[in-house]
Amino acid sequence: MSEQLFLIAHIAGRGVAIDSAQVESVVDIGAVIPTPRAAPHIRGLAALRSRVVTVIDTHAALGLPKLAIAGSRAVITVVDGHHYAVLVDSLEDVAPFVASALPPGIGLDAGWRQAGCGAIERDGEPILAIDLTALVHGPSNDTNAIN
């Protein structure tokens with residue numbers, strides 16, 4: 001297996017790895033305007049470099065309680081030709097890792113299971129690799145789904 005670049009971030013106190021191919025940029029998000037009738041995981045809209053992006057509340061997308069404070073760090077990704085700002089708690093660095101499949105029987109809550117697409121190992125510790133597209137689409141209605 002070959003190495004690929006991953007962005008290491010933190011969401012809900014958990015380190016996660018994001019394939020750099022899904023990352024257009026990382027930014028600080030300013031004011032977010034709530035969007036009426038949007039799905040619960042959509043925080044709203046924000047202006048970013050002369051364009052409007054949809055801001056994804058990552059905690060809500062994972063089926064976790066929303067943060068009481070608004071996040072400001074985000075990973076910009078493009079899904080189906082649209083730009084999204086996926087909020088993260090913090091960002092670390094980009095580094096090369098070898099990704100592997102999630103081990104069978106790994107115990108993940110429904111939202112993490114839906115977003116999880118593999119794992120990397122950093123300093124002997126496993127880190128969940130996540131798919132930003134799953135976060136953009138939001139939580140599955142089937143919380144009993146098994147991968």
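Among contacts in the protein between residues at least 6 apart in sequence, 57% join residues at least 24 apart, where contact means heavy atoms within 4.5 Å. The structure is a predicted model, in which local features need pLDDT of at least 70, side-chain atom pairs count only at pLDDT 80 or more, and totals for chains, interfaces and linings use all residues. Residues are numbered from 1 along each chain as its sequence is written, and side-chain values use heavy atoms, with hydrogens and water left out.

I turn to the overall fold. The protein has three helices and 10 strands; these are DSSP runs numbered from the N terminus, helices being H or I with at least four residues and strands E with at least two. Along the sequence, the pattern reads β-β-β-β-β-α-β-β-β-α-β-β-α. The radius of gyration is 15 Å, close to the 15 Å that the globule rule gives for 147 residues, so the protein is as compact as a globular protein of that length. That radius is taken over C-alpha atoms, and the rule is 2.2 Å times the number of residues to the power 0.38. Of the 147 residues, 39% count as buried, that is, under 20% relative accessible area with a 1.4 Å probe, protein chains only.

Next, the sheet. Five strands form an open, mixed sheet in the order E8-E1-E2-E10-E9; two strands pair if DSSP finds at least two bridges between them. Its edge strands, E8 (90–97) and E9 (116–122), each pair on one side only. Within this sheet, strand E2 (residues 14–19) runs parallel to strand E10 (residues 125–130), and three bridges join them. Ala17 stands opposite Ala129 in E10.

Key
Buried < 20%, exposed > 50% of the residue type's maximum accessible area, 1.4 Å probe, protein only.
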